[in-house]
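Let's walk through this structure together, one step after another. Keep the sequence and the 3D view open as you read.

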Amino acid sequence: MSADRLLLTLSDSSDSSDGHSRIEILNTGGYRSDGRRQYELRTISIDLSPQGSGADGSASLTHGLTQVNVCVFGPREAKMRSQTYHDRANVNIEVAIAAFSASERRKRGRGDKRILELSQTLKSTFEPVIQTSLYPRSQIDIYIQVLQQDGGLLQACVNATTLALANAGIPTYDFVCAVTGGVHSTSPLLDLTLLEENDLPNVTVAVMPRSGKITLVSMETRLHVDRFEEIFRLAGEAGKVIHREMRKAVKDRTEQLVASMQSVGRPSTGADVGDNEY
Amino acid sequence: MVEITIRKRPQTEAVITQRKFFKKTARGKVVKVLRERYLRDDVACGIEGCRECSTEISRLLPLSGSLEHDLFPNGHYILPDTNVFLAQMDLIESSLFNPPMILLQTVLEEVRHRSLPLYNRLKALTKSEDKQIWVFYNEYRSETAIVREENETPNDRNDRGIRTAAAWYNTHISLTHTPVRGQKQMPHPTVVLITEDAANRQKAEKSGIVSVSVRRYVETMKDANVLLDLLSAEGSHNIEPTKAAAGRQALYPDYLPTPTLIAGVKAGELHQGHFNPNQYNYLEGSVPVPAFDKPILLVGRENMNRAVQGDIVVIEVFPEKDWKAPADEVVDQEAMQKNDDAEDSGEEGDENDEEVFSKESRVLSGSSNQKPPSERQPTGRIVGIIKRNWRAYVCHIDSTSLTSTLTTSLSTQTVFATPVSRLLPRIRLRTRQAPTLLNQKILVTIDRWDSTSRYPEGHFVRALGQVESKEAEQESLLLEFEVPYRPFGKAILDCLPPEGEQWVVPPKGEFDLQNIWRDRDDLRDVIVCSIDPPGCQDIDDALHAKLLPNGNIEAGVHIADVSHFVLPDNPMDSEAAARGTTVYLVDNRIDMLPSLLGTNLCSLRPFVERLAFSSIWELTADAEIVSVRFTKSVIKSKAAFTYEEAQIRKDDPNLHDELTNSIRLLNSLAIKLKAKRMAAGALNLASPEVKIHLDSAESSDPIDVEQKELRETNSLVEEFMLLANISVARKIEESFPQTAVLRRHLPPPKTNFEKLQDILRKTKGFSLDVSSSGALAASLDECVDAREPAFNTLVRIMATRCMLSAEYFSSGSVAKDTFGHYGLASEIYTHFTSPIRRYADVLVHRQLSAAIGSTPLHATLHSKSHVERVLDVVNRRHRMAQMAGRASVEFYVGLALKARGEQARARGEPDVREDAYVIRTFRNGVGVFVSKLGIEGLVTFKRETQFDAENYTITVPGAKEEVKISVFDKVVVRIEVEKDKNTQRGKVKMTLVEPVDSSAF
């Protein structure tokens, strides 16, 4: 962004210059700060068209204004001896958070604690879900790029990774669908924005919708024990709602691919057949 | 299970549904802000029976609107804009103003943004049953949501949003009011935009929206005459100011550089002194300076220029024509600034500030200049601060300044902390735990006070506990008066005798390894007794008297020999010097010395041998001193009486034992001593003293309050203590003319009495002669009103307040002719008699001991500057201890009153009523003194009264006719303890019952 453009936006935004704490999380009319009601999830958009070069599967997902890209490589031969297991594939997850993604510009290096923790959480979420035993002595690399953050980072990472794995054709036992739930006073809220996340105790729950099993619960704030069960249940239910959306995206993508495979022979530009943008 | 859905936000609407922008924070960082908005079609219009909007909520606006307004015969709803709420909240709150109202989200948020207190009032209204208010979330409805256009100010955007919503309502109503076939077409009610902004009205009319101003709307209402009074004046011309361009504006003048200040003070152009705020009026303060008789008055915020109580400030005095008399109005900071907003007040010149300013300037200009010139005081302004005296203050969080009171909220909030002391300004602080701190006493320190900020900024130190819990109140009291209350450390306890409780006076002779008996008189056989208040544990004085063969009387005062145990310059001594005095609270005592000394080794308990410092006089039967000698001694008290026991014993004609006889002897001498003292012109002063009855030792719930009773024996002890103090003072001054620790009471400047004299002359016709203490004592004796026995006491109390307080000093530091003690009419005085609880007495003991050659004087007591430094601390501690004690009594009186009120209610009586006397009149209230409870209170009137400053009367409207109240009038007040809404502080509230009931105004 050029300097003049930045200046313009600076003066442009003076109306909300001191408004942060002045925004009501849940007003008496039952609306949240962005016009949603308690149990409404943000808009979700999924793009499964190939991204980058050579990825075996990729997914781009947005929850509201939170946006992540995931590329999956593999299963492929393990490069390092130390990370080669004779009976299963090694899952390697790397997360990169773009400096411009958060509200405050900040570069996070590879060794950043926060990033390491995030990738570790994701790894332990997905390792038992991916059927790694099918691919001994190989590795599956998952690269997550966070482009924009407006709350629900972990949730977006989990969902996008699930989709990218599906897109890469890596067999998993089930989808993993994550949703964040929070509580405002006594009212539970689902799918929190950054503003809500900063103010409310919240918990992220990832569910395997078919079995109803929970593969991930992450809570970094204090939540009253009496409220926990309700939020936990709700987030689990919401995961199933997200699941429908994800399944539809995968199905659509597959149908597109099938359709283009059947029309082989017609001139095509190769890999970009199913790109949604066209 | 609830229904969980995904709200879709079409990409095509991104322009109005999402915003990404960068903004610069206050600290200069640039942050990226992301906002999205989900527009919906199910935001209900709130009109009853609307076919399109279904809602489960029952409290809806009537279908046909309001038909009562003449301008709109077809029915209408009103839709006020933001300024109406900001300026006319009183009107909106009125129970007579009740048209169906549509409150837009845009408006609600703007109000919230501008002033949280107003927002909270509005919020309460929307919930109240007798208002018809529907909140329409226009920003979330797809038809009414708008985005700011380029070059549009936020205000214009909001105005446009309001107009858009009004227009939508009109079309919405016409759609939903389409007639059902076969029925007659009904006229539609209209939505009326109410705004004070003429430009907005024009634009509205252009787009076909009916709009009127508040005044015009109210004028044609049913109860117009009542409602028009509620309109605030500003409303008519105040056009909404824009907030966007607000920069940081300096509210206070800058301080001068320090060298300029010091040079100015040296040259006499500027003056230096301690800043004292006025506790009745937060816009006034004063600084006593040596160059003027009267303290310099500082009027208004700018002139007080960010000084906080106790700061050492430098002032510039205004020319004499600007001198003023202090205002006679009670100005309460909380009431005045209740709509002030913690987040942005004083940082941006918004109209909220102007409102406060205009109110304040109204108060200031009201401080009349028609006062007699004699009451004029020099005025000035603060140009610099030499030394800040900031410390931690005990505060409460002001609940209305909170954005969110949910305890789950983790966000940082800027809130106000109101100090318990009325002398301090509110402190602004940022905290993440504001909701949990509500209802707690907390400790806050001031960090800084910038010239751009109306309030000082501080930070939270720690929580003391729940409001009104005894622990929290007691600790807060100690902190507020800076009483050091930590337990004694090991180094200090190590200075105690190693035998501890088992320590005894060693037998005389060869077993006396420490040479305790050296230079000590053996007075173990003398009939010594002590007389103290009941329950006294630290007995530091004992007395004896016996007839001498020559017909004279030998009288002795024996004081615990604390200096034997507390040696100079060891940790225990330094700690005692720092504590200065023991602090007595109603239910607690903060010792100056470890309790082993105070309540055991140095307590002159009966039947135990104790070390003492004795002063023994030979007196004639007429109480003339023949000779006096001082000696260290060993005594064995024969009895420990309470005042009451001693009195009974003395009065019992059947008792003729030695003990009783010696009490009688002492008493006869005391009576003569007192008479002599009075003849010399000593004042008999009165200060309200009350006693709190505690329920039991454990619960310490006060049940009742009564005034302390004074007996003859109280006076007996007092006279001998005075005698001892005076004799000792003479002795040490003679031996150490440069460093003797003495106590003096300066004669008050005559001007201090002017007001009291004037009041007495005008209301009761008495004159007060203040030329000397003797003259004053005589004229005080004449101030007697046969009908009002309490009148004399009252005058004495008020006279006492005109005086200066007594202080310790080092004899070499001041001129010899200022040694005198005004109140006692003695030319020299010191404190010798309570070394357990006063540090000055310990010093005096050391000096006296050196004066009689018993022990050498420690080097530090030869240094004038060292003695001065120690006495400065002791003086301050002494003052603080008195205030802490008084505050503690006040707190318990409050509790007792509450208990009494509850008992009264249980018995079916309405409230607690007491006789009280008016001691001060203000323009809008009276200060009263309830002698029975020893408390002072303030009765304020909201309604205007006629105030006659000349004659100290105010005239208030009574039931039938107007009633005049003047100073010294006896009134009956109703006393309630009510919790202050904002600060959670238990507050004694008084209202007049007789001669008029003031609860109505």
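**A walk through the model**

Start at B:Phe720: leaving aside its neighbours within four places in sequence, this residue is in contact with B:Leu543, B:Ala555, B:Val557, B:Leu666 and B:Ala670. Here, two residues are in contact if their C-beta atoms, placed from the backbone, lie within 7 Å. Before we go on, note that this is a predicted model, in which local features need pLDDT of at least 70 and side-chain atom pairs count only at pLDDT 80 or more, while totals for chains, interfaces and linings use all residues. Residues are numbered from 1 along each chain as its sequence is written, and chains are lettered from A and ligands numbered from 1 in the order in which they are written.

Which residues touch the most other members of the largest nonpolar core? They are B:Phe720 and B:Val928, in a core of 176 residues. Helix H27 (residues 864-906) of chain B gives the most to this core, with 14 residues. A second, separate core has 64 residues, including A:Tyr135, A:Ala160, A:Leu165 and A:Ala235. A nonpolar core is a set of buried Ala, Val, Leu, Ile, Met, Phe, Trp, Tyr and Cys residues joined through C-beta atoms within 7 Å. A residue is buried if 20 or more other C-beta atoms lie within 10 Å of its own, exposed if 12 or fewer, and partly exposed in between. In soluble globular proteins, nonpolar side chains tend to be buried together.

Now look at each chain as a whole. Chain A has 5 helices and 10 strands, and 43% of its 278 residues count as buried. Chain B has 27 helices and 40 strands, and 41% of its 1001 residues count as buried. Helices (H or I, at least four residues) and strands (E, at least two) are DSSP runs, numbered from the N terminus. Among contacts in chain A between residues at least 6 apart in sequence, 70% join residues at least 24 apart.

Next, find two helix pairs in chain B. The axes of helix H4 (residues 105-114) of chain B and helix H6 (residues 154-176) of chain B come within 9 Å and cross at roughly 150 degrees. H4(B) and H6(B) are therefore roughly antiparallel to each other. Their contact is made by B:Thr106, B:Val107 and B:Glu110 of H4(B) and B:Asn158, B:Gly161 and B:Ile162 of H6(B). Axes are lines fitted to C-alpha atoms, for helices over the stretch in contact, and angles run from 0 to 180 degrees between N-to-C directions. Angles under 35 degrees count as roughly parallel, over 145 as roughly antiparallel, 65 to 115 as roughly perpendicular and the rest as oblique.

In the other pair, the axes of helix H20 (residues 643-651) of chain B and helix H22 (residues 712-735) of chain B come within 8 Å and cross at roughly 105 degrees. That makes H20(B) roughly perpendicular to H22(B). B:Tyr643, B:Ala646 and B:Gln647 of H20(B) meet B:Glu712, B:Thr713 and B:Asn714 of H22(B) in this contact.

Finally, turn to the strands. In chain B, 3 strands form an open sheet in the order E10-E11-E12, with antiparallel pairing; two strands pair if DSSP finds at least two bridges between them. The edge strands, E10 (276-277) and E12 (296-299) of chain B, each pair on one side only. Strand E11 (residues 284-287) of chain B pairs with E12(B) over 4 bridges, and B:Glu284 stands opposite B:Val299 in E12(B). In chain A, 4 bridges join the antiparallel strands E7 (residues 177-184) and E8 (residues 187-190). The bridge partner of A:His184 is A:Ser187 in E8(A). This hairpin has 2 residues between the strands, and A:Ser185 takes a positive phi near 55 degrees.
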